[in-house]
Amino acid sequence: MLITSKSAASALGVLLLAGAAFGQDAEPIKLGVLEDQSGDFALATIGKVHAIQLAAEEINAAGGIDGRPLELVEYDTQSDNTRFQEFMRRVLQRDKVDAVFAGFSSASREAYRPIVNQFDGLAFYNNQYEGGVCDANMIVTGAVPEQQFSTLLPYMIENYGPNVYTIAADYNFGQISAEWVRNIVAENGGTMVGEEFIPLGVSQFSQTIQNIQAAKPDFVVTLLVGTAQASYYEQAGAANLGLPMASSVNVGQGYEHKRFTPPSLKDMYATVNYVEEVDTPASKEFVEKFRAKFPDEPYINQEASNSYAAVYLYKQLVERAKSTDLAEIRKVIAEGDVCVDGPGGQMCIDPKSQHVSHTIHLAHVTEDHSVEFPTKWDAIQPYWLGEAGCDLTVSDPSEQYTPSNPPPANG
Amino acid sequence: MDIFNLIFSFLYQFGDAFAFLVLSACGLAVIFGMMGVINLAHGEFIMCGAYVSTSAVHAGLPLPLAIIAGAVAAGIAGMIVELVVIRPLYQRPLDTIVATWGISMIVTQGTLIVLGPSMQGVGTPFGSFTMGGYSYSIYRVILMIAAIGTLALLWLMFTRTRFGLLSRATIQVPHVAEAMGVNTNLIYSLTFGLGAALAGLAGGLYAPTMTLVPTMGASFMVEAFVTVVVGGADIFLGTAPAAAILGIIKAALTGWQGQLAGQIGLLIAVIIVIRILPRGISGKILKERA
């Protein structure tokens, strides 16, 4: 709290998954894994690490990537942005990894991204986020607002009414997502009746609940982040707020419907590209494999699925490029047909933005906290960056854009 | 909305903020305010109380008994910590920061490893009531009553019991107390245990309303330290009035401009108080009395 130490307890875990299957001369491909295994975000991110371990084990058992074993270099980033910078330097400079899978919160992604640029590395950000990162050194496998809100908000306005209240975590993710909500609500003929930003770590919502009641919305958009803010649901339920909720980030990440007593999350709608309840053969097979390796996993969330699929995306990129060199990999991306079938549906990399398309499932939490899927949208593209003028096949600005701060014309 | 409902809703929000400040700060007021141990593991005692009381409810105990069980468990944990770690550090307040911070990290990460990233909650009991277009949680009214009840019991304990007398004597002038035949080691241990138990009580009381995770204690820390620093060393002349003033600031600013304004208001209040009343509200009152 007061002092930060270069704690040795941040446990360097180097996992050698290479077995006897590989020849002596097969040099391993090294994958850095920088995820929060402790601290406020650990709940949502431990599953990502497990998913990467699962994918690495499967790939190594099947002969590795282009005959080379996959080796994971893991560090616990402790939900702390400065740890991300420290460990990003370490994996790129000292461990010399070929690619890095890193980050949960947008604040930590923006903290490490300049370092990836500096060393011209390749980082996968396997997390849904507020969108807009136009950076050739990044591949983003998480869903973005145009995929999640342009599906979710019209559905909510049509079914519940036009008056919207947003409560959002007060940092770049919440602020930019709330901007998306404002724009898409206006495009669909809705009205914002209120908006409140909550500092991370706040756990008491009595006054917020009353502010919402005073504004009389038809539904509440919850963009809450971290375990402390999740207390909102219990407190809103206890105060009998009783409003439907919509979210791009809850349920799919923090499995609030599993952690809280029904019916506090009744009528929560979330657009996710995966949750463990998705009822398809691919999803069932993924859940079975995951639970066979990690029987105590409390929930297999959207980001675990993204991380798992990302390892296979990387495998395909390296095998087609016949190299781990970033320029060669980006030539393959530019061909525009890099796709994998993830646990939630097909994911294809868009060459302009290096984000991926998703099948978006609408998850509806019912009164007993079971999840049903009223509808889904196939092959939803991460179109905004490309349309706004980001084209990584032409130039690499390494910037994050927002609707109110779009790429400059003629980018 | 008529004026009565407006007043009621403000009183409810004020009471809610007051209860949270009092309950989070009481334990810290004993350990930090009275004993001078800068206890960064305060949040972990709260987490201990919350986890034990929730487990007790899952095991079939009624909620009030479960909350008491949580407080007792945190109290025992506190006495063990006092015996093993804190005892040699009473004359070294800065070292207590490092020691208790270490305990905090060990407990948080240990809980994550042993019990997993979260625990299933028990749900908030008693439902809600409606008044003038707003609905309110009944349990939060009970939290307000619990906060006042806790203050009253502490007052009785420190002013009307032999333990309270010995405790105040030991902390004020330990050598004289020892010379008078008081077992000061035991008194220190019991007083520290009382502080930890109060933290556990806060955890048990808030457990049904919160997400139960190893880091949950952190969300009490700012409010607890702010209240104790503004209040000064004395629980009744310090913590209680500080919580009342800060509760008004927090409820008014949060209602007006949202949570961020409420947090900023609390921190600005501390900065002002430290500047003009370096020993807190109770320091000022006691100085004038002397």
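Colleague: What covers the buried residues of α9 in chain A?

Modeller: In this predicted model, the cover includes α1 (42–61) and α10 (302–321) of chain A.

Colleague: Which residues of α9(A) are buried?

Modeller: An α-helix has 3.6 residues a turn, so residues three or four places apart point the same way. In α9(A), the buried residues are A:Ser283, A:Phe286, A:Val287 and A:Phe290. They cover an arc of only 100° around the axis, which puts them on the same side of α9(A). On the other side, A:Pro281, A:Glu288 and A:Ala292 are exposed.

Colleague: How should I read the strand order of the open sheet in chain A?

Modeller: Strands of a sheet pair through backbone hydrogen bonds, either parallel or antiparallel. Here seven strands run in the order β9-β8-β10-β11-β12-β15-β16, with mixed pairing. The edge strands, β9 (191–198) and β16 (371–380) of chain A, each pair on one side only. Neighbouring strands are turned by 20° against each other on average, direction ignored.

Colleague: In which sense do β8 and β9 of chain A pair?

Modeller: β8(A), residues 163–169, and β9(A) are parallel, over seven bridges. One of the bridge pairs joins A:Asn163 to A:Thr191 in β9(A).

Colleague: Which strands of chain A does helix α5 touch?

Modeller: Helix α5(A), residues 172–187, packs on the sheet and touches β8, β9 and β10 (219–223) of chain A. The direction of α5(A) makes about 175° with that of β9(A). Helix α6(A), residues 206–215, also packs on the sheet, touching β8, β9 and β10 of chain A. The direction of α6(A) makes about 160° with that of β8(A).

Key: Residues are numbered from 1 along each chain as its sequence is written. Chains are lettered from A and ligands numbered from 1 in the order in which they are written. This is a predicted model: local features need pLDDT of at least 70, side-chain atom pairs count only at pLDDT 80 or more; totals for chains, interfaces and linings use all residues. Side-chain values use heavy atoms; hydrogens and water are left out. Buried means under 20% relative accessible area, exposed over 50%, partly exposed in between (1.4 Å probe, protein chains only). Helices (H or I, at least four residues) and strands (E, at least two) are DSSP runs, numbered from the N terminus. The arc is that of the directions from the helix axis to the C-beta atoms. Contact means heavy atoms within 4.5 Å. Two strands pair if DSSP finds at least two bridges between them. Axes are lines fitted to C-alpha atoms, for helices over the stretch in contact, and angles run from 0 to 180 degrees between N-to-C directions.
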